[in-house]
Amino acid sequence: MKFTRRKFLQAGSAALVGLSVKGDRPIAGGFVNDSFQMGHLLRDRASFPPPRRTEKHAVVIVGGGIAGLSAAWRLNKRGFKEFVLLEMNQQPGGNSRWGENEVTAYPWAAHYVPVPGPKATYVRELFEELGVLKDGVWDERALCFSPQERLFLYGRWQEGIEPAIGLNDKDREKFRKLEDQIHRFRASGGFTIPMERGLSREQADLDRVPFSEWLRERGMDSRIVTWYMNYCCRDDYGALAADTSAWAGIHYFASREPEDKGPLTWPEGNGWIVHRLLERVGSYVRSDHMVHHIAKEGRGYSVRVGDTEYRAEFVIFAAPTFLAPYVIESFAPLKDFHYSPWLTANLTLDRLPATYGSDPTWDNVVMNSPTLGYVDAMHQTVRSQVDRTVWTFYWALAEGAPAANRQLLLERDWSYWKEAILRDLERVHPDIRTCVSRVDIMRFGHAMARPIPGAIFSEERRKLADLDGRLLFANSDLSGFSIFEEAQYRGVGAAEKVLHHLGGSS
Amino acid sequence: MGILLFITVLLIAACGLIYELIAGTLASYLLGDSVLQFSTIIGCYLFAMGIGSALSRYIHRGLAYRFVWIELMLGVIGGFSSAVLFLAFAYTQGFQLLMYALVVVIGILVGLEIPILMRMVRERYHFRDVVAHVLTFDYLGALGASLLFPILLVPRLGLVRSAMLFGLINVGVALWSTFLFAWQLPSTRVLRALCLLVICGLGIGLAQAKRITAAAEDNIYADEIILARDTRYQHIVLTRFKDDIRLFLNSHLQFSSRDEYRYHEALIHPGLSAVPAPRRVLVMGGGDGLAVREILKYPQVENVTLVDLDPEMTRLFSTHPMLTGLNQKSFLSPKVHVINADAFPWVDTSADSYDFIVIDFPDPTSYSLGKLYTTAFYKASARHLSAQGLMVVQSTSPMFARDSYWCIVETLKQAGLKTYPYHVYVPSFGEWGFVIASSHEYSPPTLLPAGLRFVSVDGLPTMFQFPPDMSPMPMPPNRLNDQVLVRAYDQDWKDISH
């Protein structure tokens with residue numbers, strides 16, 4: 001008798017916890033800035049009009065993301081002005097695009113740059129120019145404010161994303177082991193940003209195994225450690241540890257040695273950098289200019305946009321490299337370039353959800369969620385009172401095959417994704433639906449390079465990166481993974497090669 | 001009689017569950033950590049029910065009589081449980097002990113109910129039917145209660161009145177049982193009288209429930225509350241005890257009218273008197289107008305700009321007669337300009353310069369307040385200092401929050417300023433600290449406005465001396481990206497209270 005009565009008592013308590021009144025509040029929004037249609041025109045080799053006009057430029061940069069804009073920045077800084085930058089989208093910036101509403105500016109994708117180490121010389125040069133680094137001191141206002149990150153696990157928030165509560169001795173031991181290994185790899189000098197500066201054949205073996213397998217073989221897999229490793233891989237590569245090269249997994253940890261508490265971030269994320277770059281090189285940028293054909297023409301190249309033909313001595317192809325076979329005449333198909341599909345959403349909050357005893361942070365992650373959590377755009381405000389904000393929600397579709405997930409991104413409508421996002425957030429903010437007034441969603445079929453085993457030491461990748469002719473490649477995917485520093489390094493590097501051919505600075 | 005009996009079962013099952021849910025909810029509200037509270041309370045309660053069931057075997061005779069008594073006791077104890085717990089939380093230290101004691105007693109009584117009831121009716125039905133029917137209604141009652149509780153009772157009645165309502169049901173069952181089992185009872189008159197008495201008691205309680213919760217909340221503030229207001233930014237409470245008026249913002253004491261002159265004289269005069277010919281003064285925070293009152297003692301000051309976040313606060317201190325009496329209507333002076341704005345963005349965008357800047361914010365209890373104590377904020381503020389200008393910062397207690405105090409001093413240094421720390425004794429606060437900061441040398445003034453009650457020329461040098469128990473601590477600066485001050489302040493007060 002008592003056994004069953006107890007069940008009722010428990011059911012009673014469960015009912016108390018589970019039954020809460022939900023406010024029904026209309027939530028507006030939709031898909032924004034989709035590039036699918038344009039991408040598919042290229043893929044399906046749609047017919048484009050024949051050229052009617054011709055323009056001549058010494059250099060044409062294809063793609064206005066960080067790589068392309070950085071190439072432009074370097075050319076312009078060296079006093080070279082004979083170039084144009086052709087961007088397919090209405091808004092330049094690529095993965096660093098940003099948006100703005102009546103509450104705040106907010107990022108659409110990349111939202112921070114780790115405090116660069118001494119080897120990232122181009123990044124440091126840029127930040128010195130932008131006033132973020134002054135006399136060796138990083139600008140306090142550009143560094144992420146306290147408190148930076150939190151993780152929700154076991155029904156509560158902890159400070160920091162690496163799980164610190166509820167660990168048993170085994171977990172602690174495994175984390176310690178991992179730390180030792182990382183320390184060793186860091187000391188080896190083989191894991192740097194930019195990656196080319198340290199890349200060494202000695203570590204080529206690491207690129208042959210999946211990161212998860214490498215961890216398992218060394219006894220660094222427990223439920224908690226595995227969750228954390230998967231989180232890190234999803235965060236930087238959009239892939240699970242099982243789909244990530246061990247070299248790339250190690251690079252995530254071993255490449256960074258911040259000299260200040262960071263990272264560098266702004267309300268609009270890396271859009272802030274794009275904004276500053278556009279102030280300098282915006283006059284060279286032509287938006288809504290989708291390049292559909294590139295072919296050799298005499299000494300140089302012909303680049304076609306709509307019915308206009310651009311004749312260029314040099315082409316810097318800074319768009320994602322996977323587009324090359326669809327755009328460049330007689331370009332062999334690629335096999336080593338893989339990409340992860342992503343979805344980001346910007347949620348406008350008209351009021352803040354209850355805090356439940358934890359200070360809201362910049363980056364907010366929930367353990368065992370398939371998503372990557374959210375970043376608060378109002379975190380970098382100096383205001384002490386905030387009552388409205390925008391959250392950028394990140395979701396790398398890492399489980400399963402990228403192609404299937406791309407299909408899913410295309411097939412499901414806005415309200416499917418909106419519901420999925422709100423349900424995910426409801427786990428930690430039960431009152432979220434009463435706070436949100438808009439959910440705008442951006443879909444990225446090929447958001448970032450996916451460093452699967454073999455990607456880093458791929459011959460194909462190496463060949464394209466090392467090209468030194470009149471067609472140069474510059475996208476971050478030439479590093480095997482997509483981060484700001486790599487994109488900038490490739491872009492500046494391509495510009496340097498062009499300047500070298502043209503006889504140095506003018 | 002069958003159906004009446006089973007309705008009885010249904011009702012007492014509901015009552016039992018409600019008391020348990022109330023204890024769990026109350027503990028979650030007051031102590032937090034709802035998972036822990038609910039788990040331990042359910043555990044204790046079930047265990048106590050087990051004890052009750054075990055004890056039932058020692059009851060041999062007079063089953064109906066004892067059943068009525070159990071219902072009466074449950075009515076009283078369960079009915080008043082929530083009110084007693086609320087008051088215990090406000091007035092005693094023993095809330096948790098009392099809560100678990102109540103849960104155990106109620107659990108034992110509830111554990112006794114069903115076994116006794118089953119034995120009372122076993123003569124009349126097959127054992128098989130008794131068990132089946134009693135348990136069915138028992139569970140139905142539990143289901144009903146568990147649904148009613150979150151949907152209707154908590155939002156509509158609140159915890160105090162819900163408990164009393166179900167206490168009434170328990171007593172009702174007792175009364176009704178005196179009729180239902182009259183033939184098994186020795187005398188029904190006394191029992192019925194008792195039932196009516198308890199019903200009256202609970203009825204009065206139900207009517208007075210508001211006053212009980214109010215009494216519990218009042219005790220957090222020791223004195224009479226003369227004003228309580230929730231603004232968009234904070235909870236403002238004013239209390240009075242005889243001639244002592246106190247202001248609390250979010251439950252933190254801001255001043256006591258008995259000794260605030262010590263605080264505000266010490267905040268203003270050591271700095272302002274040292275500025276040659278001060279004309280323009282900026283105050284950030286200080287929405288009570290008391291610092292401005294001190295500033296207006298300098299006739300050469302032409303303009304006082306006060307930046308405070310909360311318009312309700314400055315309006316209150318401009319209009320409420322008791323408060324304008326305290327600040328001597330300082331906000332009504334034509335020299336004073338009140339700007340209701342968030343201070344940090346305001347200093348970032350304003351272009352004016354000032355001869356004296358007063359930074360008087362609430363203590364750094366949160367990361368959002370902590371931003372107003374960073375190198376970035378002090379740098380931005382110092383840009384507004386005129387060539388001869390000085391800045392003074394309210395800097396918590398060098399005695400109770402020693403790390404925090406010296407952290408603020410270090411932060412000002414790292415912002416590129418020379419610092420002159422000093423402290424005074426304010427009885428309602430204890431030892432309190434300030435820092436004068438400037439880009440040039442400062443030395444204490446030799447002339448002060450007439451009529452000061454606390455700061456004197458002779459006393460000034462001693463303020464700048466720190467005895468060993470308040471002497472400097474090596475601390476890192478507080479920066480936007482590494483707010484060590486908020487953590488240090490939290491730790492300082494934890495160390496004091498343990």
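In chain B, helix α2 (residues 34–55) and helix α4 (residues 95–121) have axes that come within 6 Å and cross at roughly 45°. This makes α2(B) oblique to α4(B), given that angles under 35 degrees count as roughly parallel, over 145 as roughly antiparallel, 65 to 115 as roughly perpendicular and the rest as oblique. Axes are lines fitted to C-alpha atoms, for helices over the stretch in contact, and angles run from 0 to 180 degrees between N-to-C directions. Helices (H or I, at least four residues) and strands (E, at least two) are DSSP runs, numbered from the N terminus.

The model is predicted: local features need pLDDT of at least 70, side-chain atom pairs count only at pLDDT 80 or more, and totals for chains, interfaces and linings use all residues. Residues are numbered from 1 along each chain as its sequence is written, while chains are lettered from A and ligands numbered from 1 in the order in which they are written.

### Helices and domains of chain B

The crossing of α2(B) and α4(B) is right-handed (a crossing is left-handed if the near helix is turned anticlockwise from the far one by less than a right angle, and right-handed if clockwise). On the α2(B) side, the contributing residues include I41(B), C44(B), Y45(B), A48(B) and M49(B); on the α4(B) side they include Y100(B), V103(B), V104(B), G107(B) and P115(B). Contact here means that the C-beta atoms of two residues, placed from the backbone, lie within 7 Å. By class, the contact of α2(B) with α4(B) has 15 nonpolar, 5 polar and no charged residues. Ala, Val, Leu, Ile, Met, Phe, Trp, Tyr, Cys and Pro count as nonpolar, Asp, Glu, Lys and Arg as charged, and the others, Gly among them, as polar.

Another helix pair in chain B consists of α3 (residues 63–91) and α5 (residues 127–180), whose axes come within 8 Å and cross at roughly 170°. α3(B) and α5(B) are therefore roughly antiparallel to each other. Their contact has 18 nonpolar, 9 polar and 1 charged residues.

Chain B is assigned domain 1 (2–218) and domain 2 (262–497), with bounds that come from an automatic or database domain assignment. The C-alpha centres of domain 1 and domain 2 of chain B lie 57 Å apart.

### Strand pairing in chain B

An open sheet of 7 strands in chain B has the order β7-β6-β5-β8-β9-β11-β10, with mixed pairing; two strands pair if DSSP finds at least two bridges between them. Its edge strands are β7 (336–339) and β10 (418–426) of chain B, each pairing on one side only. From one strand to the next, the twist averages 15°.

| Strand pair | Sense | Bridges |
|---|---|---|
| β5 (residues 280–285) and β8 (residues 354–360), chain B | parallel | 5 bridges |
| β2 (residues 235–241) and β3 (residues 244–249), chain B | antiparallel | 6 bridges |
| β3 and β4 (residues 252–256), chain B | antiparallel | 4 bridges |

G285(B) stands opposite D360(B) in β8(B), I236(B) stands opposite L249(B) in β3(B), and L247(B) has F255(B) of β4(B) as its bridge partner. The hairpin of β2(B) and β3(B) has 2 residues between the strands, and K242(B) takes a positive phi near 55° there. The hairpin of β3(B) and β4(B) also has 2 residues between its strands; N250(B) in that turn has a positive phi of about 45°.

### The sheet and local backbone of chain A

In chain A, 8 strands form an open, mixed sheet in the order β1-β18-β14-β17-β16-β15-β8-β9. At the edges stand β1 (28–31) and β9 (156–159) of chain A, each with a single partner strand, so one side of each is left without a neighbour in the sheet. Neighbouring strands of this sheet are turned by 20° against each other on average, direction ignored. β1(A) runs parallel to β18 (residues 436–449) of chain A, joined by 4 bridges, and A28(A) has R438(A) in β18(A) as its bridge partner. Helix α11 (residues 402–411) of chain A lies across β14 (339–349) and β18 of chain A, running at about 35° to β14(A).

Most residues other than glycine have a negative phi, and most peptide bonds are trans. The bond joining S146(A) and P147(A) is cis, with omega about -15°; P147(A) lies in the loop between β7 (137–138) and β8 (149–153) of chain A. The peptide bond from I193(A) to P194(A) is cis, with omega near 0°, and P194(A) is in the loop between α5 (169–188) and α6 (211–217) of chain A. Y154(A), although not a glycine, has a positive phi of about 50° and is placed in the loop between β8 and β9 of chain A.
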